[in-house]
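Trainee: I have a model open and would like to go through it with you. Could we start with one residue and work outwards?
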Amino acid sequence: MGRFPDFVQIKEVGPRDGLQNEKKWISTEDKVTWIDMLSESGVREIEYTSFVSPKMIPALSDSRKVGKQIKRNPKVMYSALVPNRKGLEYALEAEIDGASIFMSASESHNLKNINKTIDATFPVLHDVVREAKNADKRVTGYISTVFACPYEGPISPEQVLKVCDKLLESGVDDLSLGDTIGTAVPTQVELLLEELLKRYPKEKLILHFHDTRGMAIANIMTAMHYGINRFDSTVGGLGGCPYAPGAAGNVATNDVLYLLHGLGINTGIKEKKIQDAGEYIQRKLEKTLPSRSLAYLANAQ
Ligand code: HMG
Ligand code: MG
């Protein structure tokens, strides 16, 4: 266990993981306004949409329009979720900077989410990685259900390592490990990281915590002791995977920033801008988002 990193890089995944699970349709114009607000927050990467089947994720079916309309801040990397060649084709047309491919460590979640077995997924993703690298794009490989699967229960680190090895062999630049249903406690994070860090440098790893049981902040603290300095989060704690029953939103960017800045760790992100973006999307969704920091500051005004 080491000291904290000086800088932590947050990837804002609200426009993708956050909105994909919402029943209320957010218009293209409102999505673009919101993403433009996030672009001015100091965040270095925004996962702004998904190029997936619109039947599976209707909330993001306007991804091609969104990609054309957002104002690009040259300091921000704009990435998007891509499941296959068709998705990559659309994503390249939309001039993404980075492609996020995705699969699960568990067979059942992989089947529900992308309609393929784990073995049948690798060739599809290898092809996407090769094409994305040919187009000079950064590629992140998401692995879901790294601690537990909503259908199979606990997942062993060995299962996760197998998928990590294959994705890294295919040429992804880094891996984002998803606690899809938010079950992990810090000792499980330690166990997995100890295995992963025997094989891969910490720079290759990003952690992606859903906050179903309020453990995400404790898990982030634990991961930082291992030198991990990249985390995914969503404004207000929006989010969830429609194919992972019971999963709550991601850890809230607002709460992560309160923690990191309080610890004296630099993120480059302005909390006020994230607060404004949180209040904006909360109004558009007509619901209260789970972030405690968002609620506290909204009520303090
Ligand atoms: P499939 O049905 O096996 O695919 O779905 P298919 O190739 O047979 O195509 C079926 C139809 O979809 C066809 O249209 C295709 O053209 C169309 P039809 O002929 O029926 O009209 N299609 C597409 N349309 C637009 N863009 C595409 C695309 N591909 C096919 N890219 C597929 C396979 C992977 C496409 C589907 O299962 C899918 O889109 N899944 C995505 C599900 C998803 O987005 N889940 C949430 C994201 S993952 C997540 O949240 C976890 C994460 O946050 C980490 C964590 O928390 O753990 C990343
Ligand atoms: Mg997720």
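Mentor: Let us begin with threonine 49, which counts as buried because its relative accessibility is 2%; buried means under 20% relative accessible area, exposed over 50% and partly exposed in between, with a 1.4 Å probe and protein chains only. This is a predicted model, in which local features need pLDDT of at least 70 and side-chain atom pairs count only at pLDDT 80 or more, while totals for chains, interfaces and linings use all residues. Residues are numbered from 1 along each chain as its sequence is written, chains are lettered from A and ligands numbered from 1 in the order in which they are written, and side-chain values use heavy atoms, with hydrogens and water left out.

Trainee: Where is the place of threonine 49, and what is threonine 49 in contact with?
Mentor: Threonine 49 belongs to strand β2 (residues 45–50); strands (E, at least two residues) and helices (H or I, at least four) are DSSP runs, numbered from the N terminus. Leaving aside neighbours within four places in sequence, the contacts of threonine 49 include Pro15, Arg16, Ser79 and Leu81, where contact means heavy atoms within 4.5 Å.

Trainee: Changing topic, which residues coordinate the magnesium ion (ligand 2)?
Mentor: Asp17 through OD, and His208 and His210 through NE2, coordinate the magnesium ion (ligand 2) at 2.1 to 2.2 Å. Donors are N, O and S atoms within 2.8 Å of the metal (3.2 Å for Na, K and Ca), and water is not among the atoms, so sites may look incomplete.

Trainee: Where do aspartate 17 and histidine 208 sit in the chain?
Mentor: Aspartate 17 is in helix α1 (residues 14–18) and histidine 208 in strand β9 (residues 205–209), so that the pair links distant parts of the chain, 191 residues apart. Aspartate 17 counts as buried because its relative accessibility is 2%, and histidine 208 does so because its value is 4%.

Trainee: And strand β4, how many of its residues are buried?
Mentor: In strand β4 (residues 98–104), seven of the seven residues are buried, with Gly98, Ser100, Phe102 and Ser104 on one side and Ala99, Ile101 and Met103 on the other.

Trainee: What does β4 pair with?
Mentor: Strand β3 (residues 77–81) runs parallel to β4 and is joined to it by three bridges, and β4 also pairs in the parallel sense with strand β5 (residues 138–144) over seven bridges; two strands pair if DSSP finds at least two bridges between them. Isoleucine 101 has glycine 141 as its bridge partner in β5.
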